[in-house]
Number of protein chains: 2
Amino acid sequence: MVNDVERLREALRASGRPVTPQRLRVWEALYVERGHPTAAELHARCPELPLATVYNTLELFTGLGLVIPLALEGVVRYDADPSEHVNVICTRCGSVADVAILPPPAMRDWVQMESGYQLSHPRLDWYGLCPDCQTLKP
Amino acid sequence: MVNDVERLREALRASGRPVTPQRLRVWEALYVERGHPTAAELHARCPELPLATVYNTLELFTGLGLVIPLALEGVVRYDADPSEHVNVICTRCGSVADVAILPPPAMRDWVQMESGYQLSHPRLDWYGLCPDCQTLKP
DNA sequence: TAATAGATTTAGAATGGTTCCAAACTATGA
DNA sequence: TCATAGTTTGGAACCATTCTAAATCTATTA
């Protein structure tokens with residue numbers, strides 16, 4: 001997953017949305033660092049944009065499937081990798097990492113049958129201690 | 001999972017916390033209906049308690065492992081079933097249902113190895129359409 | 001290139017879930 | 001019954017997010 005401006009332009013064109021400097025700016029900010037930034041963190045990376053614009057843009061990106069909003073305690077973090085994966089979350093420092101793996105199809109079938117829901121996408125968060133926090137005292 | 005007042009009393013005793021009428025009241029409210037109520041919904045079930053008390057009590061219950069807070073978009077819902085399971089969430093109406101199943105151990109091992117995190121508990125939310133919403137037009 | 005229509009940006013106000021606070025109260029053990 | 005540490009409470013405070021309406025811009029057509 002790279003910061004490919006063409007990917008953004010293409011997605012905007014395909015949906016008939018104008019390319020604006022603000023959208024390019026937020027897109028760039030999403031990739032200055034690997035991670036799962038909040039709207040506030042992205043705003044800190046583009047202080048020249050109003051916070052409302054950051055929110056508007058993220059909502060658009062979400063609708064286009066370019067970004068996935070992760071509702072965590074109190075804040076929403078944005079995952080710039082829309083491919084399905086597991087989020088590993090540190091219960092001590094809150095850091096988030098990705099692991100590329102999915103629940104097995106048999107699990108999906110079972111859950112769908114048991115619940116009667118017509119399933120689309122899973123979201124799997126696994127809580128634990130990140131490598132750094134493992135070495136610290138409780 | 002039953003509304004067993006003894007279970008609450010026992011957990012409070014074990015942690016050296018006083019048993020108060022408010023705690024019994026919130027406990028009772030958690031079980032008047034199967035579901036995943038928000039703090040506001042619980043408050044509606046015990047209007048005689050201040051909202052702050054509902055929050056305080058839920059925080060305590062969470063600390064005691066009696067309840068699991070599910071941070072969803074905009075609200076926290078409280079799951080009164082602390083045993084591990086999958087939450088199935090309707091993308092249309094927001095309803096939540098439970099399915100008793102866990103990711104397979106092999107998946108856990110893989111995620112732990114790949115991430116370097118020391119994993120504790122997973123949280124798996126599967127989005128989809130509930131039976132009611134499946135029959136409605138988009 | 002200029003004009004146009006429709007979408008976007010923007011600042012500030014508003015919203016709403018949740019937390020904080022300090023005073024009054026109470027469950028518990030002695 | 002008393003003392004005390006913990007709890008309850010109402011209201012204010014917080015803060016992430018959404019809303020609003022006016023100003024501005026993008027893409028397109030002439």
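Arg123(A) sits opposite Asp125(B) of strand E5(B). Strands here (E, at least two residues) and helices (H or I, at least four) are DSSP runs counted from the N terminus, and two strands pair if DSSP finds at least two bridges between them. The model is a predicted one, in which local features need pLDDT of at least 70 and side-chain atom pairs count only at pLDDT 80 or more, while totals for chains, interfaces and linings use all residues. Residues are numbered from 1 along each chain as its sequence is written, with chains lettered from A and ligands numbered from 1 in the order of writing.

The E5 pair is part of an open sheet of 6 strands with mixed pairing, ordered E4(A)-E3(A)-E5(A)-E5(B)-E3(B)-E4(B). At the edges are strand E4 (96-99) of chain A and E4 of chain B, each of which pairs on one side only. On average, neighbouring strands are turned by 25° against each other, direction ignored; axes are lines fitted to C-alpha atoms, for helices over the stretch in contact, and angles run from 0 to 180 degrees between N-to-C directions.

On the chain A side, strand E3 (residues 86-90) pairs with E4(A) in the antiparallel sense over 4 bridges, and Val88(A) has Ala97(A) as its bridge partner in E4(A). On the chain B side, E3(B) and E4(B) also make an antiparallel pair over 4 bridges, with Asn87(B) opposite Asp98(B). The hairpin of these two chain B strands has 5 residues between the strands, and there Gly94(B) takes a positive phi near 85°. Towards E5(B), E3(B) pairs in the parallel sense over 5 bridges, and Cys90(B) stands opposite Gly128(B).

How enclosed is E3(B)? Its 5 residues out of 5 are buried, so the strand is largely enclosed by the rest of the structure; buried means 20 or more other C-beta atoms within 10 Å of a residue's own, exposed means 12 or fewer, and partly exposed lies in between, with C-beta atoms placed from the backbone. In a regular strand, side chains alternate between the two faces of the sheet. In E3(B), Val86(B), Val88(B) and Cys90(B) point one way while Asn87(B) and Ile89(B) point the other, all of them buried.

Helices from both chains lie on this sheet. Helix H5 (residues 105-115) of chain A lies across E5 of chain A along with E3, E4 and E5 of chain B, at about 120° to E4(B). H5(B) packs on the sheet too, touching E3, E4 and E5 of chain A and E5 of chain B, with its direction at about 120° to that of E4(A).

In total, 34 residues of chain B are in contact with 34 of chain A, contact being C-beta atoms, placed from the backbone, within 7 Å. On the chain B side, E5(B) makes the largest contribution, 12 residues. By class this side has 22 nonpolar, 8 polar and 4 charged residues, where Ala, Val, Leu, Ile, Met, Phe, Trp, Tyr, Cys and Pro count as nonpolar, Asp, Glu, Lys and Arg as charged, and the others, Gly among them, as polar.

The largest nonpolar core has 24 residues, and Val88(A), Tyr117(A), Val88(B) and Tyr117(B) touch the most other members. Such a core is a set of buried Ala, Val, Leu, Ile, Met, Phe, Trp, Tyr and Cys residues joined through C-beta atoms within 7 Å. E3, H5 and E5 of both chain A and chain B each supply at least two residues of this core. Leaving aside residues up to four places away in sequence, Tyr117(B) touches Val88(A), Cys90(A), Ala97(A), Gly128(A), Leu129(A), Cys130(A) and Gln112(B).

Leu49(B) is in the loop between H3 and H4 of chain B. With 18 other C-beta atoms within 10 Å, Leu49(B) is partly exposed.

Technical notes:
Contact = placed C-beta atoms within 7 Å.
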